[in-house]
Amino acid sequence: MTDSSIPTIKTVLHPVSDLAKAKAVYAALLGIPPQADSPYYVGFEAGGQHIGLVPGGGPQGMTSPVAYWHVPDIEAKLAELTAAGATVKEAAHDVGGGRLVATVTDLDGNVLGLLQDQ
């Protein structure tokens, strides 16, 4: 496996109950304004990481932060994970701009996110 094919966490999404208040807290923490700012999503780029705020857990119903592992082939990684015992929670789908995301749960119910940029 080459270094570029090793999955890395570059994106963490946090469900928030009050987007405006959460945005102020994360802006203070990171010392920068958000790069994406809409009523349904606020995103910060800081130190090579993307931190996203999702009001009410979004359509995926997140109840805790989800780390997204960036992978070169999301379908292949989903197949590997399910063969190893993970369960698909949210099948791979395009969220805009050719970005694919999916989530699985491990044997203890922890949610693992997968992200592929095309």
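## Salt bridges and a buried histidine

Lysine 77 is buried, at a relative accessible area of 17%. The model is predicted.

**Exercise 1.** Decide which elements are linked by the salt bridge between aspartate 37 and lysine 23.

*Solution.* Step 1: the two side chains meet at 2.9 Å, N to O. Step 2: aspartate 37 belongs to strand β2 (residues 36-38), lysine 23 to helix α1 (residues 19-30). The pair is 14 residues apart and links distant parts of the chain. Step 3: aspartate 37 is partly exposed at 49%. Lysine 23 is partly exposed at 24%.

**Exercise 2.** Do likewise for arginine 99 and aspartate 117.

*Solution.* Step 1: their closest N and O atoms are 2.7 Å apart, in a salt bridge. Step 2: arginine 99 lies in strand β7 (residues 99-105), and aspartate 117 in strand β8 (residues 111-117), 18 residues apart. Step 3: arginine 99 is partly exposed at 28%. Aspartate 117 is partly exposed at 43%. The salt-bridge count comes to 3.

**Exercise 3.** Classify histidine 50 as buried or exposed, then list its polar partners.

*Solution.* Step 1: the cut-off for buried is under 20%. Histidine 50 has 12% relative accessibility, so this residue counts as buried. Step 2: histidine 50 lies in strand β4 (residues 49-55). Step 3: its side chain makes a polar contact with the side chain of tyrosine 41 at 2.6 Å. The histidine 50 side chain also reaches the backbone oxygen of phenylalanine 44 at 3.4 Å.

Technical notes
Residues are numbered from 1 along each chain as its sequence is written. This is a predicted model: local features need pLDDT of at least 70, side-chain atom pairs count only at pLDDT 80 or more; totals for chains, interfaces and linings use all residues. Side-chain values use heavy atoms; hydrogens and water are left out. Helices (H or I, at least four residues) and strands (E, at least two) are DSSP runs, numbered from the N terminus. Buried means under 20% relative accessible area, exposed over 50%, partly exposed in between (1.4 Å probe, protein chains only). A polar contact is a pair of N or O atoms within 3.5 Å; within protein, one must be able to donate a hydrogen and the other to accept it, and residues adjacent in sequence count only if both atoms are side-chain atoms. A salt bridge is a side-chain nitrogen of Lys or Arg within 4 Å of a carboxyl oxygen of Asp or Glu.
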